[in-house]
Amino acid sequence: MKRLLLSLLTFLLVSTGLFVRAQGIRATAINVATERKTVPVSTPATYQGRQILVGNGGGFTGFTTTYYLLENGKLFGRRSRDTTFTLIRQQTQVMTKRMFSRVEIMCKIRKTTFSNPGNRYKFVRWRKGKLAYAVTWGEAGKTVPASYPKFYDSFMAMIPTASRLK
């Protein structure tokens, strides 16, 4: 009887040890399987698709603040004194298409030539790769094409106040 109990106890200890060891191996296998590969995020500096750049600057400091809407819907911000881009949010596909349509069709940025910055200025730019167009305004007494201030305001309205760069 003692021998049977001893054999049973040994069996239980060995099987429990194997079970715990097997669980450890299984847990390791799961951790390896769920390990994520990091994919570099496209920033405005590396993005090859269309981009809309909207911002302002000048004044005493001369600093600029620029917001970048990429064709893939990512919205970034960057101040001239920053070394990196700040991801603000992912815009919806509908909103992204609407903004590109407005700047390309309503504002006709590819055909508009207007650069009158003044001390404090605002700008709207469009670029794709090395191709770029810009409209800048702020000089007193110069009439800005009417669609640009409207576009600037609608673009800035899609950025939550709390997310705007200070």
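The axes of α2 and α3 come within 11 Å and cross at roughly 170°, where axes are lines fitted to C-alpha atoms, over the stretch in contact for helices, and angles run from 0 to 180 degrees between N-to-C directions. The two helices, α2 and α3, are therefore roughly antiparallel to each other, a term for angles over 145 degrees. This is a predicted model, in which local features need pLDDT of at least 70 and side-chain atom pairs count only at pLDDT 80 or more, while totals for chains, interfaces and linings use all residues. Residues are numbered from 1 along each chain as its sequence is written, and side-chain values use heavy atoms, with hydrogens and water left out.

**Contact of α2 with α3**
- Met-99, Arg-102, Val-103 and Met-106 of α2 meet Ser-147, Phe-151, Ser-154 and Phe-155 of α3, contact meaning heavy atoms within 4.5 Å.

**The two faces of α3**
- In α3, which spans residues 147-157, the buried residues are Ser-147, Tyr-148, Phe-151, Tyr-152, Phe-155 and Met-156; buried means under 20% relative accessible area and exposed over 50%, with a 1.4 Å probe and protein chains only.
- Seen down the axis of α3, these buried residues fall within an arc of 160°, so they line one face of the helix; the arc is that of the directions from the helix axis to the C-beta atoms.
- Lys-150 and Ala-157 are exposed on the face of α3 turned away from its buried side.
- The buried residues of α3 pack against β1 (50-58), β2 (64-70), β3 (74-79), α2 (93-106), β6 (120-128) and β7 (131-137).

**The protein as a whole**
- The protein has 3 helices and 7 strands, taken as DSSP runs numbered from the N terminus (helices H or I, at least four residues; strands E, at least two).
- Of the 166 residues in the protein, 32% are buried.

Notes: Angles under 35 degrees count as roughly parallel, over 145 as roughly antiparallel, 65 to 115 as roughly perpendicular and the rest as oblique.
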